[in-house]
Amino acid sequence: MVPVVIILLALAQQPPVASTDFANAVPGEGVAVITAACERCDWGIEGREAAVLRVSVDGRYSQHLYLVRGDKPSAYRVSVGRLAAGPHRIEAAVDSALSAKGIGAVTIPSIAVSVAPVGDDSSVAQSMAPIVYARPNTVGKYTDVPVFMWYEIVPVAGGRQFRYSVIFTNEDGGTATDRLMATWGRTTDIEFVYGVTLDGSGRIVAEEFQGPNHEVPAFRGRHEGAHPLQWVSTDNNMVSESGPTDIRFAPAPELFDLTNASREIVMDAHPWIHALASKEMVRERKLKEDAAAGSGAIPDPRRFAFVEACTDLQNAAVAFSVHAADAAGQARWFDSDRGLAQFRIVRTGCFRGAVPLPVGAAAPDAVRFKAFTVPPKKDAPPPSGPVSVTLTRVNRVFTLDDGYLPRPSVFQWTGTAPLAIDGGWYELRVPR
């Protein structure tokens, strides 16, 4: 079956529309790949941020889709829900009320639909993917947009858990931008939003979500089919089981295995997300070339060196440092914590962080790591149990190119290197 796509030229008071008619032989979960371009859209320029499509399935509202990737035809994957066997129509129309004013012409060369038969893992994962409703203070704006969703399948006692996470273009509340870069190596907001546990027979036995204050209670909200309905309810993009908005998003989730890797590899697999995040920083005027550590601002993301590494960490903190020559050829170390304890990583497993380098600096030629005592928290007892850090991997060391896209990594390492708490640095040279 070859979809028939109809493109209607923009007429006065009539937005461009594309539709595809198709029929599926068996029921299943539908995914539509909408290939679209926006003539003058640029996420980094106020007034030209994005066109917004209203997507309908068989005449019923499905979701909105932000065309965030500019003037080149790009593929956007969206979940369109359970489709009964038989004929269907998917339509995408520009929502002029939500689109930026200076977007120019919108073209939609194709809409391709695939239907995963009921029963296979792909169909199961698609069927339970959250539908995420917009935060009230983002409707009609171009901030904190949920642009990507992925899921992991994790073995649990008696079955498996499907875990869904969303990448938002930024977070308007929560962690300050400079600390976010130091301890997470990004300015996007990545949030776990929903987990569902299936027993050995495939029956749902538990649901949970990440609510305000990062609490993870049982999910008892509404569903559309098996899709949980969630409302973004805080400025750092936690979700709730109800809310006031009716604008919603349903990016089709992709499966990722994060064994020995950080969550940020999802962005690396879709590098346009890196560029989108940086452009939002530019447009929202969150960049300051002489930004001091702790000010909340950061310099141009293209000045940062990004490091992904893994540790076994208990009741301690870790920082890294990269060695690079400045524009005059003088080489020195640049520490990721920049002298601030709150800029150190305090989570075990794989992490990513970033540190700014001088303008015109060369690529890093060495990286080092150091373990620290965690400062006591106010009104909290000191941590109990062992205190240790062991470095086990360095997955990536890279910078961004002129288009804010990741350059190839210059270094990778695996091993076992215990780090003395408050001791010296453990140094690794980049081979030449």
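A: Let's begin with how residues are sorted: Ala, Val, Leu, Ile, Met, Phe, Trp, Tyr, Cys and Pro count as nonpolar, Asp, Glu, Lys and Arg as charged, and the others, Gly among them, as polar. By that sorting, the lining of the largest pocket has 17 nonpolar, 9 polar and 12 charged residues.

A word on the model before going on. It is predicted, so local features need pLDDT of at least 70 and side-chain atom pairs count only at pLDDT 80 or more, while totals for chains, interfaces and linings use all residues. Residues are numbered from 1 along each chain as its sequence is written, and side-chain values use heavy atoms, with hydrogens and water left out.

Now to the pocket itself. On a 1 Å grid over the protein atoms alone, a pocket is an open set of points where a 1.4 Å probe fits, with protein on both sides within 12 Å along at least five of seven lines, and lining residues have an atom within 4 Å of a point. Grid points are joined across faces, edges and corners, and a volume is the space filled by probe spheres set on the points. The largest pocket holds about 840 Å³ of space. Its lining is made of 38 residues, and Thr183, Trp184, Arg263, Val346 and Arg347 lie nearest the centre.

Which elements take part? Helices (H or I, at least four residues) and strands (E, at least two) are DSSP runs, numbered from the N terminus. At least two lining residues come from each of β10 (146-156), β11 (159-168), α2 (177-184) and β12 (189-199).

Buried means under 20% relative accessible area, exposed over 50%, and partly exposed in between (1.4 Å probe, protein chains only). The buried ones are Thr177, Asp178, Leu180, Met181, Ala182 and Thr183. Thr183 is also among the residues nearest the pocket centre. Among the elements covering the buried residues of α2 are α4 (272-283), β19 (304-314), β20 (316-325) and β22 (349-356), where contact means heavy atoms within 4.5 Å. Just after α2, glycine 185 has a positive phi of about 70°.

For another opening to look at, turn to the second largest pocket, with a volume of about 470 Å³. It is lined by 26 residues, and Val80, Gly81, Arg82, Glu224 and His227 are the closest to its centre. Here β6 gives the most to the lining, with 5 residues.
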